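Have a look at the model first, then read on.

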Amino acid sequence: MQHRVACDGGGGALGHPLVYMEIGDGGAVDCGYCDRRFVLVADLAQDNEYRDPAPRHDAH
Ligand SMILES: [Zn+2]
């Protein structure tokens, strides 16, 4: 099972070029630029499909 996440470091001065990483069997991947860790959580699998730098507050 693999899952793709995107990271740009959060944008702004602290950001970095947008990179895509595959979460593999370990269930987590660390961004090579900013060391941010992406952990695959089953309930959030769909939301992890593309991780937006800015928090999204969907109305539900
Ligand atoms: Zn990053």
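## Cysteine 34 and its surroundings

Cysteine 34 comes out as partly exposed because it has 15 C-beta neighbours inside 10 Å. For reference, a residue is buried if 20 or more other C-beta atoms lie within 10 Å of its own, exposed if 12 or fewer, and partly exposed in between, with C-beta atoms placed from the backbone. You'll find cysteine 34 in the loop between E3 and E4.

What does cysteine 34 touch, leaving out residues up to four places away in sequence? The list is Cys7, Gly9 and His16. Touching here means being in contact, that is, two residues whose C-beta atoms, placed from the backbone, lie within 7 Å.

## Where the model comes from

This is a predicted model, so local features need pLDDT of at least 70 and side-chain atom pairs count only at pLDDT 80 or more, while totals for chains, interfaces and linings use all residues. Residues are numbered from 1 along each chain as its sequence is written.

## The chain overall

Zero helices, four strands: that's the tally for the chain. In sequence order the pattern reads β-β-β-β. Both element types are DSSP runs numbered from the N terminus, with helices (H or I) needing at least four residues and strands (E) at least two.

Buried residues amount to 5% of the 60 residues in the chain. As for contacts with a separation of 6 or more, 33% of them join residues 24 or more positions apart.

Is cysteine 7 buried or exposed? Cysteine 7 is buried, because 23 other C-beta atoms lie within 10 Å. It's part of strand E1, and it's one of the residues that cysteine 34 touches. Cysteine 7 and tyrosine 20 are 13 residues apart in sequence, with 6.5 Å between their C-alpha atoms.

Arginine 4 is in strand E1 too, which covers residues 3-7. With 14 other C-beta atoms within 10 Å, arginine 4 is partly exposed. Tyrosine 20 turns up here as well: arginine 4 is 16 residues away from it in sequence and 6.6 Å away in space, C-alpha to C-alpha. Skipping residues up to four places away in sequence, arginine 4 touches Tyr20 and Glu22.

Glycine 9 sits in the loop between E1 and strand E2 (19-23). It counts as partly exposed because it has 18 C-beta neighbours inside 10 Å. Beyond residues up to four places away in sequence, glycine 9 touches Leu14, Gly15, His16, Tyr33 and Cys34.

Glycine 9 and aspartate 35 are 26 residues apart in sequence and 8.9 Å apart in space, C-alpha to C-alpha. Aspartate 35 belongs to the loop between strand E3 (28-30) and strand E4 (37-39).
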